[in-house]
Amino acid sequence: MATVDVMMPVRNGLPFLPEAVDSIRNQTFSDWRLLVLDHGSSDGSLEFARHCAESDQRISVSSHPEAAGIAELRNIGLAKCDCHILMLQDADDVSFPNRMETVISAFQHSPELLVLGGEAEVINPEGRRIGYLAAPREVAAVAAASFFYFPIVHPAAAANFADLMHLDAAYGKDIMYAVPPSESVRVGTLAEDYILFGQLALLGPCANLPLPLIRYRRHPESTGVRSPRDQIGQALKISRFLAKSFCLKNGLEPFDPGPFCNHADHVFDFGARDYSEQFQVMAAALRRGLGPCQALERELAFREILATRERGAMTMRFLRFLLAYGASGMERRTVRNWLLKDLRQGKYVYRPREAAA
């Protein structure tokens, strides 16, 4: 059993796979195993990974072209893991050399944690930095945010593997078992990471380190680039599933997080100008279910900005929020995307089908 198993799915990952693999081989911590899960590559990725495995026994390669989707591929990988800490990385991203050492130290300091993520530098295909992905840090902040967006940078995440198995954790399926089977959600691809880690954030303590652990690459073949609208629609469906499961599990009045979501910095438009009543129901449920805490109040203060779609009122609420809490880049972009929606022809506004009907 290795201390760390790194799960790395790949499908036609060249030319980025060599740098991704090298970033694991160059870790300052050496007791690891890299599980490369090939999903029917035809560009030489499988052959390259096997060549790496020939020179480093810590690298294990398996091919699963039959996997129905990325969720099934990742679940195959989970079944192969045998470790203390599961670490995730995509085949186009790069881990910083001290990532494992940093994460192991953090788990030793906070052994109660179920999941530990971090932040990320965003790079382009050539490896040049083009942005930064921040994340909520405290356990309460991650749990509160999970209803509205994915608060964990998935390829920067690590988890206590024994606790994952105790929860019967798997990608793409319901592990809270609160809603009737007929109302449950299964995800084969597009946001399969969100449905798992969104549930984990409500089932156990999940946090993020306040520093970058990976270099996160954006390129034309990234899922979020190829299918942005489909992915956002899937994320909305998952947000609603998380809210329904949370309310049923805790005996709370149900609420719809939809109008208050900001997946990928989008504002969700259901055709109303005021969502104040929906906000009050949601705020009461979250305060009862999560308990009073500063992180939740900050999250609710931002969501209340989105409860109005009148430009003047939204601007005033945002300015009050800014004075009280400051604002992240994501929060600034979200508000700006609504206020400037006409100039941008609604590019960052998502109107679900039920709103258009």
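A crossing of two helices is left-handed if the near helix is turned anticlockwise from the far one by less than a right angle, and right-handed if clockwise. Keep that in mind for the first pair.

Before that, two remarks on the source. This is a predicted model, in which local features need pLDDT of at least 70 and side-chain atom pairs count only at pLDDT 80 or more, while totals for chains, interfaces and linings use all residues. Residues are numbered from 1 along each chain as its sequence is written, and side-chain values use heavy atoms, with hydrogens and water left out.

The names H and E refer to helices (H or I, at least four residues) and strands (E, at least two), which are DSSP runs numbered from the N terminus.

Start with H12 and H13. H12 passes H13 in a left-handed crossing. Two packed helices are described by the angle between their axes and the distance between the axes. Here the angle is about 165 degrees, and the axes are 10 Å apart. Axes are lines fitted to C-alpha atoms, for helices over the stretch in contact, and angles run from 0 to 180 degrees between N-to-C directions. H12 and H13 are therefore roughly antiparallel to each other; angles under 35 degrees count as roughly parallel, over 145 as roughly antiparallel, 65 to 115 as roughly perpendicular and the rest as oblique.

Which residues make the contact of H12 with H13? From H12 they are Arg-311, Met-314, Thr-315, Phe-318, Phe-321 and Leu-322, and from H13 they are Glu-331, Arg-332, Val-335, Trp-338 and Leu-339. Contact means heavy atoms within 4.5 Å. These residues divide into 7 nonpolar, 1 polar and 3 charged. For that count, Ala, Val, Leu, Ile, Met, Phe, Trp, Tyr, Cys and Pro are nonpolar, Asp, Glu, Lys and Arg are charged, and the others, Gly among them, are polar.

Now H13 alone, residues 329-339. Its buried residues are Met-330, Glu-331, Thr-334, Val-335, Asn-337 and Trp-338. They cover an arc of only 155 degrees around the axis, which puts them on the same side of H13. The arc is that of the directions from the helix axis to the C-beta atoms. Buried means under 20% relative accessible area, exposed over 50%, and partly exposed in between (1.4 Å probe, protein chains only). The buried residues of H13 pack against strand E10, helix H11, helix H12 and strand E11.

Ile-305 lies in helix H11 and is buried, with a relative accessible area of 1%. Ile-305 touches Met-314, Arg-317, Phe-318, Phe-321 and Val-335, leaving aside residues up to four places away in sequence. From Ile-305 to Trp-338 there are 33 residues in sequence and 11 Å in space, C-alpha to C-alpha.

Next, the pair H1 (residues 17-25) and H2 (residues 45-55). They pack at an angle of about 25 degrees, with their axes 11 Å apart. H1 and H2 are therefore roughly parallel to each other, and their crossing is right-handed. On the H1 side are Leu-17, Pro-18, Val-21 and Arg-25, which meet Ser-45, Phe-48, Cys-52 and Ser-55 in H2.

Last, H4, residues 99-109. Arg-99, Met-100, Val-103, Ile-104, Ala-106 and Phe-107 are its buried residues. Seen down the axis of H4, they fall within an arc of 160 degrees, so they line one face of the helix. The face turned away from the buried side carries the exposed residues Gln-108 and His-109.
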